[in-house]
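Good morning, and thank you for coming.

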Amino acid sequence: MSRLAVVLFNLGGPDSLDSVKPFLFNLFNDPAIIGAPAPVRWVLAKLISSRRAPIARAIYEQIGGKSPLVPQTEAQATALTAALEARGVADAVGVFLAMRYWHPMTRAAVDRVKAFKPDTVILLPLYPQYSGSTSGSSLTTWVRTAEKRGLTAETHTICCYPTQAGFVAAMARLTREGVEKARAHGRPRVLFSAHGLPKISIEKGDPYQSQVEMTAAAIVAAMGVPDLDWVVCYQSRVGPLEWIGPDTDSEIERAGHDKVPAVVVPLAFVSEHSETLVELDIEYGELAEARGVPAYVRVPTVQADAAFIDGLADLVTRAVRPESGDGCLIEAGPAKGRLCSQVGSRVCDAKWTMCPHVQSEETDIRNRDSKRADEGAHRENGKTGKGNGGWNT
Ligand SMILES: C=CC1=C(C)c2cc3[nH]c(cc4nc(cc5[nH]c(cc1n2)c(C)c5CCC(=O)O)C(CCC(=O)O)=C4C)c(C)c3C=C
Ligand SMILES: [Fe+2]
Ligand SMILES: [Fe+2]
């Protein structure tokens, strides 16, 4: 009798206003977020989380004092369990949650998985695009904790799925609906808005930005809307470093200047939380109104959309029996080998490989970007994310 455990990773979120500060401390004490040595990082995390806590509390107060991320991830787990059982992928299937910064956290998840006595474990980050600061941090923590707590079952990792067919189909449907809503107010511009990242991370080889661009291009292709006006931009800048851009708020301002409706698509999140419900819906919604954007439509995240869940089930099914050519996905390494196949073989037993289809998509994006730069295309209107002088802004 075969037993399959699937572990869903995400950031987690405060479940009460009192948990906002410890949640922030856990976030800033993560070496994948602040790369200082442990004692220095601990002090910095204490300081930054104390300074940020009142701002973050005010954010969570606007959505009932807690994040809906975990309940929505639970709904995804239920739907994925049903999809995997329907496929008969194993005799018994368990889908578990491991959140990075708030409960249910990795240690509890490892113990639950161990008690399930799986033959095979599949690690599945709920981040379609890989970043060392998100999936990398979660997977590294899992591997270390599993080793410490004696979870020895065969483990396979899915690093990322920026162009997975089910994910893209779900996003394309939701985006098309958003564009239809906005059309009454002019020719819509689609703003694919992803969580930002410090520029230095990308320079060191983090594949996140190129994978975000791959997702956007795949959604646009799947939408099949002729002459769609679209741009990729980045939200949620915190801290003193320079971040990747253009910023989502600059793009909203540009939509106001151009008098075009804005359709905002959060393409790096698969559930709702403070970044979508407060930053996109409330803060950017108000900005759009103030800047005279004729219509502001925010496209929902995929959550437990059937096509998305089916796509995840496809990834898991393939990960259970990796084919030759499926790369190992833990180590991002230098920029050269930065993209990986969609399904990994045993954790950490190989370097990443770049699958041909991903490589050619990345080349297409690079060619498109340099063509746009040559033409002085609309990117000149979006400025590179600038540091804004402090973690508490
Ligand atoms: C693709 C997803 C995410 C990336 C990349 C990411 C990087 C990143 N985030 C911070 C700092 C904060 N993030 C916060 C909230 C938050 N971040 C993500 C996702 C990514 N972060 C999500 C889903 C959430 C919402 C959590 C919830 O509400 O459940 C916060 C806390 C909120 C706030 O104070 O604004 C901080 C702080 C950094 C520094 C970073 C990359 C280095
Ligand atoms: Fe974040
Ligand atoms: Fe934010």
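Predicted model: local features only at pLDDT ≥ 70, side-chain atom pairs only at ≥ 80, totals over all residues.

The shell around ligand 1 divides into 13 nonpolar, nine polar and two charged residues. Here Ala, Val, Leu, Ile, Met, Phe, Trp, Tyr, Cys and Pro count as nonpolar, Asp, Glu, Lys and Arg as charged, and the others, Gly among them, as polar. In total, 24 residues surround the ligand, and the closest are Gly-13, Ser-67, His-195, His-273 and Ser-274. A residue counts as near a molecule or strand if its C-beta atom, placed from the backbone, lies within 6 Å of it.

Residues are numbered from 1 along each chain as its sequence is written, and chains are lettered from A and ligands numbered from 1 in the order in which they are written.

Which elements supply the shell around ligand 1? Helix H1 (20-28), H2, H5 and H10 each contribute at least two residues, and H2 gives the most, with three. Helices (H or I, at least four residues) and strands (E, at least two) are DSSP runs, numbered from the N terminus.

The UniProt record, an unreviewed entry, carries the annotation "binding site" for His-195 and Glu-275. UniProt positions are given in the numbering used here, feature names are shortened, and annotations may be inferred rather than shown by experiment. The two annotated residues span 81 residues in sequence, yet no two of their C-alpha atoms are more than 8.2 Å apart, so they gather at one spot. His-195 has its place in strand E5.

Let us turn to the domains. The assignment gives domain 1 (3-162 + 306-337) and domain 2 (165-302 + 363-381); such bounds come from an automatic or database domain assignment. Why does ligand 1 lie between the two domains? Both domain 1 and domain 2 give residues to its shell, so the ligand lies between them.

The domains also meet directly: 30 residues of domain 1 are in contact with 25 residues of domain 2, where contact requires C-beta atoms, placed from the backbone, within 7 Å. On the side of domain 1 that touches domain 2, two or more residues come from each of helix H2 (38-61), helix H3 (69-87), helix H5 (132-148) and helix H11 (306-320). H11 gives the most to this side, with five residues. By type, the residues of that side are 17 nonpolar, 11 polar and two charged.

Now to the sheets. One open sheet has four strands in the order E2-E1-E3-E4, with parallel pairing; two strands pair if DSSP finds at least two bridges between them. Strand E2 (92-99) and strand E4 (154-157) are at the edges with a single partner strand each, so one side of each has no neighbour in the sheet. The twist averages 20° from one strand to the next. Axes are lines fitted to C-alpha atoms, for helices over the stretch in contact, and angles run from 0 to 180 degrees between N-to-C directions.

Strand E1 (residues 3-10) is joined to E2 by eight bridges, and Asn-10 stands opposite Met-99 in E2. H3 lies across E1 and E2, at about 160° to E2. Helix H4 (residues 106-116) lies across E1, E2 and strand E3 (120-125), at about 170° to E2.

A further open sheet of four strands, also paired in parallel, has the order E6-E5-E7-E8. Its edges are strand E6 (229-235) and strand E8 (296-298), each with a single partner strand, so one side of each is left without a neighbour. Neighbouring strands here are turned by 25° against each other on average, direction ignored. Strand E7 (residues 262-266) pairs with E8 over three bridges, and Ala-262 stands opposite Tyr-296 in E8. Helix H10 (residues 274-290) packs on this sheet, touching E5, E6, E7 and E8, and its direction makes about 160° with that of E7.

I close with the backbone. Most residues other than glycine have a negative phi, and most peptide bonds are trans. The bond from His-103 to Pro-104 is cis, with omega near 0°, and Pro-104 lies in the loop between E2 and H4. The bond from Gly-245 to Pro-246 is likewise cis, with omega near 5°. Lys-117, in the loop between H4 and E3, has a positive phi near 55°.

Key:
Contact = placed C-beta atoms within 7 Å.
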